[in-house]
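Colleague: Please take a close look at the aromatic pairing in this model, and then go on from there to the contacts and the backbone.

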Amino acid sequence: MNGSEAIVRTLQGLGVDVIFGLCGDTTLPLYEALYDIDHGMRHVLTRDERSASFMADAYARFSGRVGVCEGPSGGGATYILPGVAEANGSSAPLVCLTSDIAQADMGRGTLTELDQNSLFRPVTKATYSPSSAAEVSRVLRDAFRTATSGALGATHVRLPFDVQTGDAGSELHIREGGDRYPAFRMDPEPELVEKAARVLSEAKRPLIIAGAGVVRSGAWDEVCELAHRLGAPVATSIGGKGSIAETDPYALGVIGSNGGLPYRHAFVHSADVIFYVGCGLGSVTTEKWTLPRNGEHRILQLDVDPEKLGLNYDTELGIVADAKRGVAALLETLAPSTKVDPAELECERTLYLASVEDTFTSDAMPIRPERFLTELLPRLPETSVICADPGTACPYMSAYYRLPRAGRWFVSPRAHGALGYALPGVVGAYFARPDAGRVVGLMGDGSFGISCGELETIVRLNLPVTLVVFNNRSFGWIKAGQRVRSEKYYSVDFSDSNHAAIAEAFGMRARRVEKPAELGPAIEESLACDGPHLLDVVTQPLHEAKAPVSKWIA
Ligand SMILES: Cc1ncc(C[n+]2csc(CCOP(=O)(O)OP(=O)(O)O)c2C)c(N)n1
């Protein structure tokens, strides 16, 4: 068995079923092995390595399994970085493989020569460089174990040409189910659980803030039960959307600077005890550490990553544990109570929505983002899988989409917020959840411009996806920031592109929508389409909109 065959056999043995990637000269032996061996894995050819890594990231988040991407040396390695960095920053388990020139050719001005390990080190949990074919299977197993254990994240494996072609012997190092996460679940310390239960019982007005760690751990049933047991509302970060069905009477919705709403933030400020579960206290969820204000609440934290505990806030108690195990342990000791009446949540929600109702019913042109939601949300099937880019899509969907089911149904890339995630993201989402139904990608025209080469991939694979472009002819989010700072609008405007015509040129069915009255039928046509479909929605620019973004509202 040569190194490439060992790579393919090991990936197969670990349970991988799909690899996203793009070919190169240094990857030729690996592709030969993928061709020769009856491995059952699907290779999805992408048109850009950035897309391959974003697809792998989305696949990982929606599937509960490691996302695998691959690209060649030099330009391929530099292009594949964004999705690796996003996955690592968002704790999505991803393994990135890059081929490289032969080790003997290093330091000789060889085409595509690059210190790959130094390039990947800051954006991964670990970067590996097997120096012989005999090592490659063990190294791959380690890369999967590292990605799926502890604080989850991305790993990278560099595969020199001679490692791919050398003799790997006959031994494979496979851990069955090695592509599932979390690989190991950590139990909480019993005395800390007791203390946390005591503080929560003493609370008059507790609030649970759930993050992506809840969804990664599959702890939504436990979090929902905790909310009902205590009688406490559950707010979430954007990544934590799915920690509880947002139609649940105790679900408050997303909080923070991007998609948080004032009435929800009032619940944070009025809470006496705040219990963070699987939630980093980063700048967005905490509105740069003012939501809540440090020192004004008793703060408890449960996280699988000890380095998150006590970061930015003076927390009273930090528990290191898997979210599912940790909350389950709490439930064993907590007596039922009703600290907060769920009618209060419903009342505040209704009052807030009434105050912005005019935007949701507006017949104005260009179409208001809120009016688009009025037409889209009731038509979305319950099992829609959604990727939302930064810009218009993220704050509006975070704020107003009431996720009907708990679990991972919605992803927006929040570690780096790179534009151009959703278009490739829907490909990864589809392969993660082929039976879920329609996959929906929502993006600005800026994001579309960054990733539109991937329309070919979506058409080639004939995926059941609906793509929506919020066509506001600008880098709207930045233009809105310019409005708030100084009204000095500088280098943020585009010319008007017809994204529907672009999609049609790739062979995708598409429709441009300019009038609010056309939205309903267009959305229905798109969702009912048996293949891919794109809607180019001519939308109100963000700097003129009432977007649910704290600093613009203020
Ligand atoms: C790769 C990348 N470059 C730059 C940015 C900075 N940025 C954040 S939002 C934004 C504008 C987004 O424009 P668009 O995709 O058209 O969406 P809109 O805000 O107009 O809805 C930019 C440039 C980014 N997030 N990612």
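Modeller: The structure holds 10 aromatic pairs, where a pair means rings of Phe, Tyr or Trp (its six-membered ring) with centres within 6.5 Å, and planes under 30 degrees apart count as stacked, over 60 as edge-to-face and the rest as tilted. One of them is formed by Y430 and F431, whose ring centres are 5.2 Å apart and whose planes stand at 80 degrees, so this pair is edge-to-face. This is a predicted model, in which local features need pLDDT of at least 70 and side-chain atom pairs count only at pLDDT 80 or more, while totals for chains, interfaces and linings use all residues. Residues are numbered from 1 along each chain as its sequence is written, and side-chain values use heavy atoms, with hydrogens and water left out. Y430 and F431 are both buried (buried is under 20% relative accessible area, exposed is over 50%, partly exposed is in between; 1.4 Å probe, protein chains only). Together with F20 and Y59, Y430 and F431 form one aromatic cluster.

Next, the ligand. It is surrounded by 16 residues, the closest being T392, G417, G446, G476 and W477 (a residue counts as near if one of its heavy atoms lies within 4 Å). D445 places a polar side-chain atom 2.8 Å from a ligand oxygen, and a backbone N or O atom of W477 lies 2.8 Å from an oxygen atom of the ligand. L419 contributes a polar backbone atom, 3.1 Å from a nitrogen atom of the ligand. On its own the ligand exposes 590 Å², and the protein buries 77% of that (areas come from the Shrake-Rupley method with a 1.4 Å probe; for residues, only the protein chains shown count as cover).

L419, I450, F475 and I478 make up a nonpolar surface patch with about 300 Å² of accessible area together (patch residues have over 30% relative accessible area and no salt bridge; like charges are joined within 9 Å, nonpolar side chains, namely Val, Leu, Ile, Met, Phe, Trp and Tyr, within 5 Å).

T98 is buried, with a relative accessible area of 0%. Its side chain makes polar contacts with the side chains of Q116, at 2.5 Å, and of H156, at 2.6 Å (a polar contact is a pair of N or O atoms within 3.5 Å; within protein, one must be able to donate a hydrogen and the other to accept it, and residues adjacent in sequence count only if both atoms are side-chain atoms).

Side chains of opposite charge can pair when their charged atoms come close. Over the whole structure there are 35 salt bridges (a side-chain nitrogen of Lys or Arg within 4 Å of a carboxyl oxygen of Asp or Glu). Among them is D179 with R65, at 2.9 Å from N to O. This pair links distant parts of the chain, 114 residues apart: D179 is in the loop between α8 (161–165) and α9 (190–202), and R65 is in the loop between α3 (49–63) and β3 (67–71). Both D179 and R65 are buried.

R185, in the loop between α8 and α9, pairs with D322, in the loop between β12 (317–320) and α13 (323–333), across 137 residues. The closest N and O atoms of D322 and R185 are 2.9 Å apart. D322 is buried at 4% relative accessibility, whereas R185 is partly exposed at 30%. D363, R371, E375, R379 and E524 are linked in a network of salt bridges.

Last, the backbone. Most residues other than glycine have a negative phi, and most peptide bonds are trans. The bond from Y181 to P182 is cis, with omega near -5 degrees, and P182 is found in the loop between α8 and α9. The bond from M365 to P366 is cis, with omega near -5 degrees. P366 lies in the loop between α15 (357–361) and α16 (369–376). E487, in the loop between α21 (476–485) and α22 (499–505), has a positive phi near 55 degrees. With 55% relative accessibility, E487 counts as exposed.

Terms used: Helices (H or I, at least four residues) and strands (E, at least two) are DSSP runs, numbered from the N terminus.
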